[in-house]
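Me: Can we go through this model together? I'd like to start with the packing and then look at the backbone.

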Amino acid sequence: MIECKYGNQKRVFINHVGELIPCCYVNAESLNMAAGHSPKTLFGELNQQYDNSLHNQTIQEILDGPLFNGIINSWSSDEPVKKCKQTCELKNRDTFIDKKNE
């Protein structure tokens with residue numbers, strides 16, 4: 001079962017282009033799309049389809065809107081948002097390796 005780390009902590013993520021997204025874990029795809037690349041995952045498809053820019057909507061409108069609801073609804077499907085499954089169900093998160101001080 002997916003338990004959203006950011007959601008449980010009542011946190012969200014605002015990237016440097018003004019997009020409100022659920023967490024930092026999906027930011028890489030969001031930024032790739034902002035640079036003109038096509039979506040590669042369900043999150044990308046939802047992100048492309050629904051406006052999550054704080055330049056156009058309020059925080060509450062985005063939180064209550066179809067992007068966040070689509071992500072949450074995917075968790076109970078056979079095809080949840082891949083990054084949500086990887087990071088918040090399987091706990092497979094990126095780790096920082098400090099090679100300078102090894």
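This is a predicted model: local features need pLDDT of at least 70, side-chain atom pairs count only at pLDDT 80 or more; totals for chains, interfaces and linings use all residues.

Me: Which residues touch the most other members of the largest nonpolar core?

Reply: Phe43, Leu67 and Ile71 do, in a core of 17 residues. Strand S2 (20-21), helix H3 (42-49), helix H5 (66-74) and helix H6 (82-89) each give two or more residues to this core.

Me: And which element gives the most?

Reply: H5, with three residues.

Me: What does Ile71 touch, leaving out residues up to four places away in sequence?

Reply: Ile71 is in contact with Pro22, Phe43, Leu46, Val81 and Cys84.

Me: Now cavities. How many are there of 30 Å³ or more?

Reply: The structure has one, and the volume of the largest cavity is about 100 Å³.

Me: What lines the largest cavity?

Reply: The lining has 14 residues, with Cys4, Pro22, Cys23, Val26 and Cys84 nearest the centre. H6 supplies the largest share, four residues. By type, the lining residues are twelve nonpolar, one polar and one charged.

Me: Is Lys10 buried or exposed?

Reply: Lys10 counts as exposed, because its relative accessibility is 76% and the cut-off for exposed is over 50%.

Me: And where is Lys91?

Reply: Lys91 is in the segment after H6. Phi of Lys91 is also positive, near 60°. Lys91 is partly exposed, at 49% relative accessible area.

Notes:
Residues are numbered from 1 along each chain as its sequence is written. Side-chain values use heavy atoms; hydrogens and water are left out. A nonpolar core is a set of buried Ala, Val, Leu, Ile, Met, Phe, Trp, Tyr and Cys residues joined through side-chain atoms within 4.5 Å. Buried means under 20% relative accessible area, exposed over 50%, partly exposed in between (1.4 Å probe, protein chains only). Contact means heavy atoms within 4.5 Å. On a 1 Å grid over the protein atoms alone, a cavity is a set of points where a 1.4 Å probe fits but cannot get out, and a pocket is an open set with protein on both sides within 12 Å along at least five of seven lines; lining residues have an atom within 4 Å of a point. Grid points are joined across faces, edges and corners, and a volume is the space filled by probe spheres set on the points. Ala, Val, Leu, Ile, Met, Phe, Trp, Tyr, Cys and Pro count as nonpolar, Asp, Glu, Lys and Arg as charged, and the others, Gly among them, as polar.
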